[in-house]
Amino acid sequence: MTVTETVKEAIGLGHDAPVSSAIPATRKQMSDARLPLQYRDSCANLLIPLNKCRVQNYYMPWTCTDERHGYEKCQYEEFKIRVKKMEELRAERGGERSN
């Protein structure tokens with residue numbers, strides 16, 4: 001492990017740390033923002049300001065690009081973590097599928 005990787009791991013920016021690991025949204029915040037249940041995940045803290053920005057700008061597609069990019073990146077990082085976990089589970093079973 002290099003010095004850079006050690007520092008990144010120490011401050012929470014390692015490969016396994018999700019993007020949204022800063023401050024997760026509470027259930028109250030998600031409820032107040034009226035997020036549907038399927039969107040109440042670890043990236044909800046990025047979705048709440050994105051939805052506020054969308055409403056303020058009348059859902060214009062060229063607005064809120066920074067917020068949207070951050071939310072989509074978080075979703076992608078979460079997807080990669082789920083795939084990695086599934087591969088680990090599949091390796092434990094000797095390559096068998098669960099379904």
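This is a predicted model: local features need pLDDT of at least 70, side-chain atom pairs count only at pLDDT 80 or more; totals for chains, interfaces and linings use all residues.
Local features need pLDDT of at least 70 and side-chain atom pairs count only at pLDDT 80 or more, while totals for chains, interfaces and linings use all residues. Residues are numbered from 1 along each chain as its sequence is written, and side-chain values use heavy atoms, with hydrogens and water left out.

Helix α3 (residues 44-56) packs against helix α4 (residues 65-92) at about 150°, the axes lying 9 Å apart; helices here are DSSP runs of H or I, at least four residues, numbered from the N terminus. Axes are lines fitted to C-alpha atoms over the stretch in contact, and angles run from 0 to 180 degrees between N-to-C directions. That angle makes α3 roughly antiparallel to α4 (over 145 degrees).

On the α3 side, the contact (heavy atoms within 4.5 Å) is made by Leu46, Leu47, Leu50, Cys53 and Arg54. Helix α4 brings in Glu67, Arg68, Gly70, Tyr71 and Cys74.

Methods
Helices (H or I, at least four residues) and strands (E, at least two) are DSSP runs, numbered from the N terminus. Angles under 35 degrees count as roughly parallel, over 145 as roughly antiparallel, 65 to 115 as roughly perpendicular and the rest as oblique.
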